Number of protein chains: 2
Amino acid sequence: MELDARKKKILQAIIKNYLETGEPVGSRTISKYTDLNLSSATIRNEMADLEEMGYIFQPHTSAGRIPTDAGYRLYVDDMLSEKQSAKEKEAREAEEQSESGSSEIDRRIDRIEEVLQEMAKMLANNTNYTSVISMPQANKNRLKFVQLTLVEPTKLLTTVVLEGNIVKNEMIQVDKDIDPETLLKLNILFNNELNGKTLREINFDMAANMADSAGELGALVSEIINAIAAAIGSADGIQIFTSGATNIFKYPELSDTTKASGLIGTLEEKELLTGLLADTSGDDEEENTGIQVYIGQETSVSSMEDCAVVTATYEFEKGVYGKVGIIGPKRMDYEKVVDALKNVTGNLDKQFRKPDK
Amino acid sequence: MELDARKKKILQAIIKNYLETGEPVGSRTISKYTDLNLSSATIRNEMADLEEMGYIFQPHTSAGRIPTDAGYRLYVDDMLSEKQSAKEKEAREAEEQSESGSSEIDRRIDRIEEVLQEMAKMLANNTNYTSVISMPQANKNRLKFVQLTLVEPTKLLTTVVLEGNIVKNEMIQVDKDIDPETLLKLNILFNNELNGKTLREINFDMAANMADSAGELGALVSEIINAIAAAIGSADGIQIFTSGATNIFKYPELSDTTKASGLIGTLEEKELLTGLLADTSGDDEEENTGIQVYIGQETSVSSMEDCAVVTATYEFEKGVYGKVGIIGPKRMDYEKVVDALKNVTGNLDKQFRKPDK
DNA sequence: TGTTAGCACTCTATTAATTTGAGTGCTAAC
DNA sequence: GTTAGCACTCAAATTAATAGAGTGCTAACA
C-alpha cells in the first residue's frame with residue numbers, strides 16, 4: 001500500500017492530536033480538525049489503511065486510534081528533517097545574538113557539576129519532563145598537571161589536573177616519612193613523564209617502567225601512579241545529573257506505580273542511564289542535526305519502554321563531549337523538546353569553549 | 001482516665017498488629033492475639049477508652065482501630081527506653097566483636113562520598129525503606145593546609161585540605177602572570193595565617209588585614225581568600241545522599257501518586273532534608289540513645305506527614321557529626337530500623353575515628 | 001463490679017447488572 | 001471516490017445488591 005500525501009496528513013493530524021490530549025483519537029475529530037474537508041467515514045477508511053500499514057492501532061475495538069512506535073518514528077523523522085532545512089536559513093540569520101549573559105557563570109566555570117545540575121533543573125522545569133545530563137567524558141582527556149603534597153608526615157595528597165581543568169584528589173597513606181627533597185624529585189618526575197597522557201596510555205607498561213627506574217622508591221612510585229590513575233578514573237566514570245524525576249507523574253500513562261517505580265529507580269541508580277547517554281558521535285543522524293530520538297524499545301532500557309528519549313550532544317573541550325537528554329512519555333512535545341535541547345547545548349557550548357579566552 | 005497496665009498491653013498489641021498488617025485491627029483479633037484471655041467484648045470496652053484517650057482511632061464506624069500519632073509516640077518511647085536499659089547489659093558483653101572487616105573500606109577512606117552512598121544503598125536494601133545520610137558537617141571544621149599551584153600562566157589552583165582530610169579545589173583566573181617566588185611567598189603566607197581556622201574565623205576582618213599587609217598583592221590575596229572560603233563553604237553546604245526512594249511504593253499508604261510524587265520530590269531536592277538531619281547534639285533524647293524518632297507532623301516537612309523518620313548520629317572526627325536517617329511509613333518496623341541504624345552508625349564511627357592509626 | 005454473650009446496627013468493599021456513549025465497519029446511495 | 005446511515009462492539013461510568021467485619025449497647029452472670 002502507498003502512503004500518499006493525504007494519508008500522511010491524516011496520520012500527522014492523529015499524532016498531533018494525540019500528543020495534546022493523550023486520548024485515542026477518532027475519525028470524527030480528524031474530520032473536523034484538518035482542512036481536508038473529508039467526512040468521518042472517509043477518514044475511517046484511511047485510518048483502516050494506516051492501521052494495516054502499522055502506523056496506528058486501536059487499544060480496543062470501538063476506541064479511537066493511537067500511534068504505534070512506527071507512527072511516532074515517521075512523525076519525528078519528518079520533523080527533524082524539516083528542522084534541518086530550516087536550520088540553514090537560521091544559520092544565516094544568527095550570529096547577532098551570539099554574545100549573551102555568559103559572564104555570570106563564567107566566573108565559576110570550575111564548578112562544572114553545579115552548572116550542569118542547574119541546567120538539568122531548568123530544563124526539567126521548562127519542559128515538564130525529566131532531564132538528564134552527563135558530565136563530559138574525560139577518558140580521552142589528557143593529564144595536564146600533577147601535584148604531590150605532604151599533608152601529614154605519612155599522608156600524601158595527590159592533586160591531578162586534567163585538560164579542561166577538571167581537578168581530582170586522592171589521598172595516599174605511606175609507610176615511612178618522606179623528606180621534602182624526595183617529594184620535589186617525585187613531583188618533577190611525574191610531571192615530566194605523565195603530562196599529556198591519557199589514562200589508557202598511563203596504565204600500560206609505563207607504570208612498570210617508571211617504578212623500575214625509580215630504584216628504591218619503586219613501591220612508592222607505583223602506588224602514586226595508581227592514585228593518579230584512580231583520580232583520572234573517578235573523573236572518567238560517567239557522572240550523571242538528573243532532575244524532574246517526579247514530572248513523570250504528570251502523565252497518566254507513566255504514573256502507574258510499577259512503571260513509575262521502575263523509572264525512578266533507574267534514574268536513581270544512574271548506572272543504567274550510561275547506555276542512553278553513550279557517545280554516539282559519528283552516527284548519521286548525529287551528523288545532521290545533533291539530535292537523537294529513541295522511541296519505546298529503541299532505548300534498550302526496559303523501564304523506559306513506555307517512554308521516548310531525546311538526546312543532544314554538547315562540546316566541552318575540543319573533542320570532549322557530554323550529553324543532555326529528556327525523558328518523557330512517547331507522546332511528548334517533540335518539537336518543544338528539540339528546541340529546548342538545542343538551546344541548552346548551545347549555551348553549554350558557548351560557556352565551555354570560550355574561543356575568546 | 002488512667003492508662004493502666006492492661007490498657008497499655010492492649011494498645012501495644014494493637015500497634016504491633018497494625019505494624020505487621022497495615023489493616024485496622026478489631027477487638028476479636030486482640031482477644032486472641034494477646035495472652036490476656038479476655039473476650040472481644042471486654043477488649044471493645046477498653047478500646048473505647050483508648051480511643052477517648054487519643055491513642056487510637058477508627059477510620060470509620062465499624063472498622064477496627066488504627067494508632068494515632070500519639071499512640072505511635074507512646075509505643076516508640078517505650079521501645080527506646082527498653083533498648084536503653086538493654087544497652088547497659090550489651091555494653092558488658094560487647095568488645096569481643098570490636099575488630100571486624102574494616103580494612104577493605106579503610107584503604108579508600110578519603111572517598112567519603114562513596115562510602116556514604118554505599119552505606120545508604122545497603123541500609124535501604126536491608127530495611128526496605130528510604131535511607132538518607134548527611135555528609136559530616138564541616139562548618140566547625142578547621143583548615144589544615146592550603147596549596148596554591150600555577151596550572152597555566154594565569155590560572156591559579158587553590159587546593160584546600162580540611163581537618164578530617166576533606167579536600168576541595170577552586171580555580172582562580174588572575175589578571176597578570178605570577179612568578180614562582182611570589183607563589184612561594186603566598187603559599188607560606190596563607191599556611192601561616194590561616195591554618196587551624198574555621199570558615200567563620202576567616203571571613204571576618206582577617207581577610208581585610210591580610211590584604212592590607214600584602215601591599216601591592218592585596219587584590220590577589222583577597223581573591224585567594226575568597227576562593228578558600230568558597231572551597232570550605234562548598235564542603236560546608238550539607239551534602240546528602242539518599243537511596244531506595246522507590247521503596248515507598250511498597251507501602252500502599254504512601255504510594256498514591258500525589259504523596260509519592262511529593263516525597264520523591266523532596267528527596268530529589270535534598271535541600272528540604274537538611275532540616276531533618278540538622279545537628280541535634282545536646283537534645284535530651286539524643287544523650288540517652290543517640291536515636292531520634294519523628295512521627296508525622298513532627299518532621300515539619302509537609303510531604304512527610306504520612307511518614308515517620310528515624311535518625312541517628314555518627315561521629316566523623318572529634319566533634320564533627322553526620323546523620324543517618326530512615327524514612328518510611330508511620331507503621332514502620334521501628335525496632336528493626338533502630339537496630340539497623342545503630343549498626344550503621346557503629347560502623348561509621350569505627351571507620352572514621354580509627355583511634356589506632 | 002468487672003466480664004461476657006448476644007443482637008441490632010453501621011458502613012465499607014465487592015460483585016453484579018445496567019446504562020451510556022464514543023467509535024467502528026459495512027452497505028448502499030450519490 | 002465520497003458520504004450518509006445503521007447495526008454492532010466494548011470500555012467506562014452508574015446503580016443495585018450482597019457480604020462481612022466490627023462496633024456499641026444491653027442484659028445476664030460470677
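**Figure 1. Contacts of side chains with DNA strand D in the predicted model.** In this predicted model, an N or O atom in the side chain of A:Arg6 stands 2.7 Å from a phosphate oxygen of DNA strand D. Two arginines approach the bases of DNA strand D. A polar side-chain atom of A:Arg44 is 3.3 Å from a base oxygen of DNA strand D, and a polar side-chain atom of B:Arg44 is 3.1 Å from a base nitrogen of DNA strand D. Helix H3 (40-52) of chain A and helix H3 (40-53) of chain B are the elements that contribute two or more residues to the surface near DNA strand D. Of the elements, H3(A) gives the most to that surface, namely four residues.

**Figure 2. The protein surface around DNA strand D.** DNA strand D is surrounded by 20 residues, the closest being A:Arg6, A:Thr42, A:Thr61, A:Ser62 and B:Ser27. Sorted by class, the surface near DNA strand D comprises 12 polar, four nonpolar and four charged residues. Among the atoms of DNA strand D within 4 Å of the protein, 76% belong to sugar or phosphate, and the rest belong to bases.

**Figure 3. The protein surface around DNA strand C.** Around DNA strand C there are 20 residues, and the closest are A:Ser27, B:Arg6, B:Thr42, B:Thr61 and B:Ser62. Of the atoms of DNA strand C that come within 4 Å of the protein, 73% are accounted for by sugar and phosphate. The class composition of the surface near DNA strand C is four charged, four nonpolar and 12 polar residues.

**Figure 4. Contacts of side chains with DNA strand C.** A base is approached by B:Arg44, with a polar side-chain atom 3.3 Å from a base oxygen of DNA strand C. H3 of chain A and H3 of chain B are the elements that provide two or more residues to the surface near DNA strand C. The element that gives the most to this surface is H3(B), with four residues.

**Figure 5. The interface between chain A and chain B.** Chain A contributes 36 residues to the contact and chain B contributes 37 residues. The two chains, A and B, bury about 2,900 Å² between them, and 56% of this area is on carbon and sulfur atoms. Six residue pairs are in polar contact between chain A and chain B, counted where both residues have pLDDT 80 or more. On the side of chain A that touches chain B, at least two residues each come from strand E4 (143-152), strand E5 (155-162), strand E6 (166-173), helix H10 (218-236), strand E7 (240-243) and helix H11 (257-269). By class, this side of chain A has 14 polar, 13 nonpolar and nine charged residues.

**Figure 6. Salt bridges across the interface and within chain A.** Side chains of opposite charge can pair when their charged atoms come close. Four salt bridges are found across the interface of chain A and chain B. A:Lys144 and B:Glu152 form a salt bridge in which the closest N and O atoms are 2.6 Å apart. Over all chains, the count of salt bridges comes to 26. Within chain A, A:Asp69 and A:Lys330 form a salt bridge, their closest N and O atoms being 2.8 Å apart. This pair links distant parts of the chain, 261 residues apart: A:Asp69 belongs to helix H4 (residues 69-93) of chain A, and A:Lys330 belongs to the loop between strand E10 (320-329) and helix H13 (334-353) of chain A.

**Figure 7. The domains of chain A.** The domain assignment divides chain A into domain 1 (5-67), domain 2 (80-137 + 238-352) and domain 3 (143-236). Taken over C-alpha atoms, the centres of domain 1 and domain 3 of chain A are separated by 65 Å.

Terms used:
Residues are numbered from 1 along each chain as its sequence is written. Chains are lettered from A and ligands numbered from 1 in the order in which they are written. This is a predicted model: local features need pLDDT of at least 70, side-chain atom pairs count only at pLDDT 80 or more; totals for chains, interfaces and linings use all residues. Side-chain values use heavy atoms; hydrogens and water are left out. Domain bounds come from an automatic or database domain assignment. A residue is near a molecule or strand if one of its heavy atoms lies within 4 Å of it. A polar contact is a pair of N or O atoms within 3.5 Å; within protein, one must be able to donate a hydrogen and the other to accept it, and residues adjacent in sequence count only if both atoms are side-chain atoms. Ala, Val, Leu, Ile, Met, Phe, Trp, Tyr, Cys and Pro count as nonpolar, Asp, Glu, Lys and Arg as charged, and the others, Gly among them, as polar. Contact means heavy atoms within 4.5 Å. Buried area is the accessible area (1.4 Å probe) that two parts lose on being put together, summed over both. A salt bridge is a side-chain nitrogen of Lys or Arg within 4 Å of a carboxyl oxygen of Asp or Glu.
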